[in-house]
Amino acid sequence: LFLHEKRKIPLVQNWRFPNDWKNLFMFRVDTDYCTSEQAKTLYELCKKHKIRGTWFVDTVFQDTLQQVYAQMPDQEVALHCRRHLVFPDYETNKENIENGLSDLHEAGISVAGFAAPFGDWNENLARVMTEKGFQYSSEFTLDYDDLPFYPIVNDKATSVLQIPIHPMSIGRMHRSHFSQEEMWQYYKTHIDECLLNGNPIFLYHHPSHGNLEIFDKIFRYVNIKQINSLTYREYADWWGKRNKLNPEIKYSDDELNFEGDEFSDEIFVKISGGDNYALNRMQKKMILSNLHWQKTEKLTPKTDLERTRKWHWRDTLYNYESKKGKRNK
């Protein structure tokens, strides 16, 4: 924006959400080691608040696949694992994913997405995901708190869209001895900051970790704030349409002209100039003075950022518990 201001031209960007939505909430569920009853209880909570989540399923138990996950028509089901591990080599990752897909096929479930155990990612895993035709994946060791993107492997973008999430979970906070009130305040603060910054809100949970009263509050808060919600597949579909629109833009005086063959009613552009911005549906011609301009909210830098790099006793406790958990898989 600074460089555009220097050149006295508006900054034009494809908007990051469908239509003129101001934000987006997506809920991810990792089902590893959860019981059928735990999954059903969380599903009932989602239905109560009209939250349509994306469930990345552990495929070990065929009865749970057929009797629980295949019976959630308002939710999306995707693959998490057969074995809850990610491997450094290509062949073992391929075997694990193929076994999971076979389990899902037997249960009559087809999927578009994948999320690796422990959020791990490597290039051999990326190769398998590409070959198996996944539309998207989500691994927070690759990236988090960011917009979707296509990872680069061997100097080439993969075809599997990466959808980053916020990597903090109830399980992590529990292992670090957070109280329930601290957990809730943490998530509420994160949601408020995302709303202020215009960043998507991507949270996740393991049904086996319980503490659903926290997510009852989160879902209620999301609805109070009237935040739109999508499944991962829906957002990946929309992001694909967004990426295809790359018109040539010409600016003269008070007018923007978009030259291209394709336009979509779902794609808006954000036009920024000075301390103001406007959201407008992409169209061939826009008169800037006719747009609905809004004041850009100034963000106040945090004064305690150094705290995020300081050692805390909870860090050591969490690292110990996490490593012990991986050894037991």
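Visitor: Which residues line the largest cavity?
Guide: The model is a predicted one, and it holds 3 cavities of 30 Å³ or more. The largest cavity has a volume of about 60 Å³. Its lining is made of T31, Y33, C34, D58, F61, T64 and Y69.

Visitor: Which element gives the largest share of the lining of the second largest pocket?
Guide: The second largest pocket has a volume of about 590 Å³. Of its 23 lining residues, W15, L196, N197, G198 and K270 are the closest to its centre. The elements that give two or more residues to this lining are β1, α7 and β14 (276-281). The largest share, 3 residues, comes from α7.

Visitor: Which strands stand at the edges of the open sheet of 4 strands?
Guide: The sheet has the order β1-β13-β14-β16, and its pairing is antiparallel. Two of these strands have a single partner each, so one side of each is left without a neighbour in the sheet. They are β1 (11-14) and β16 (294-295).

Visitor: Which residue in β13 stands opposite V12?
Guide: β1 pairs with β13 (residues 268-273) in the antiparallel sense, over 4 bridges. Within this pair of strands, V12 stands opposite I271.

Visitor: How far apart are the end C-alpha atoms of α8, and what span should its residues give?
Guide: The helix has 13 residues, and at 1.5 Å a residue they should span 18 Å. The end C-alpha atoms agree with this, being 18 Å apart.

Visitor: Against which elements do the buried residues of α8 pack?
Guide: The buried residues of α8 are L212, I214, F215, D216, I218, F219, Y221 and V222. An α-helix has 3.6 residues a turn, so residues three or four places apart point the same way. The buried residues of α8 pack against β2 (25-30), α2 (36-49), α6 (170-175), α7 (180-197) and β10 (201-205).

Visitor: Which residue with a positive phi follows α8?
Guide: The phi of this residue is near 55°. The residue that follows α8 is Q226.

How values were computed
Residues numbered from 1 in each chain as written. Predicted model: local features only at pLDDT ≥ 70, side-chain atom pairs only at ≥ 80, totals over all residues. Heavy atoms only, no water. Pairing = 2+ DSSP bridges. Expected span 1.5 Å × (residues − 1). Buried < 20%, exposed > 50% of the residue type's maximum accessible area, 1.4 Å probe, protein only. Contact = heavy atoms within 4.5 Å. 1 Å grid on protein atoms, 1.4 Å probe; cavity = no way out; pocket = protein on both sides within 12 Å on 5 of 7 lines; lining within 4 Å. Points joined across faces, edges and corners; volume = space filled by probe spheres on them.
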